[in-house]
Amino acid sequence: QVQLVESGGGLVQAGGSLRLSCAASGRTFRYLGWFRQAPGKEREFVAAISWNTRSTSYVDSVKGRFTISRDNAKNTVYLQMNSLKPDDTAVYYCAAGAGWIGNRDFISSWGQGTQVTVSS
């Protein structure tokens with residue numbers, strides 16, 4: 001059974017940092033990444049990384065503040081979030097697939113989500 005389990009969310013003040021983790025079980029994935037969904041908004045792409053870590057991509061609003069990485073030995077993807085802003089408040093979802101997950105057609109698995117709240 002394929003599972004993606006996120007952890008690391010929480011409440012932080014603006015300017016603070018959080019590190020999200022997503023552990024995959026049941027299979028390995030070539031592409032891993034993160035989406036987020038704020039209240040009343042559509043789920044949006046945040047970041048993605050290829051299996052060999054040579055390719056990464058970020059939504060413009062997080063470039064320079066967020067860093068995605070992965071540990072293939074642990075089948076885990078991370079999202080280091082620095083200089084957090086209230087606009088980053090959302091439920092963050094881990095996503096995985098065999099193709100580039102910036103294209104949602106390639107996403108085969110989703111995590112259950114972890115809440116990130118940034119206070120001003």
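Colleague: Which residues form a disulfide, and how far apart are their sulfur atoms?

Modeller: A disulfide is a pair of cysteine sulfur atoms within 2.5 Å. Here C22 and C94 form one, with their sulfur atoms 2.1 Å apart. The pair joins distant parts of the chain, 72 residues apart: C22 lies in strand β3 (residues 18-25) and C94 in strand β9 (residues 90-97). Strands (E, at least two residues) are DSSP runs, numbered from the N terminus. This is a predicted model, in which local features need pLDDT of at least 70 and side-chain atom pairs count only at pLDDT 80 or more, while totals for chains, interfaces and linings use all residues. Residues are numbered from 1 along each chain as its sequence is written, and side-chain values use heavy atoms, with hydrogens and water left out.

Colleague: Why is the disulfide left-handed?

Modeller: The torsion about the S-S bond of C22 and C94 is about -80°, so the disulfide is left-handed.

Colleague: Does C22 count as buried or exposed?

Modeller: Buried means under 20% relative accessible area and exposed over 50%, with partly exposed in between (1.4 Å probe, protein chains only). C22 counts as buried at 1% relative accessibility, and C94 counts as buried at 0%.

Colleague: Which residues touch the most other members of the largest nonpolar core?

Modeller: A nonpolar core is a set of buried Ala, Val, Leu, Ile, Met, Phe, Trp, Tyr and Cys residues joined through side-chain atoms within 4.5 Å. The largest has 28 residues, of which W34, L79, M81 and Y92 touch the most other members. Apart from this core lies another, of seven residues, including Y31 and F35.

Note on methods: Helices (H or I, at least four residues) and strands (E, at least two) are DSSP runs, numbered from the N terminus.
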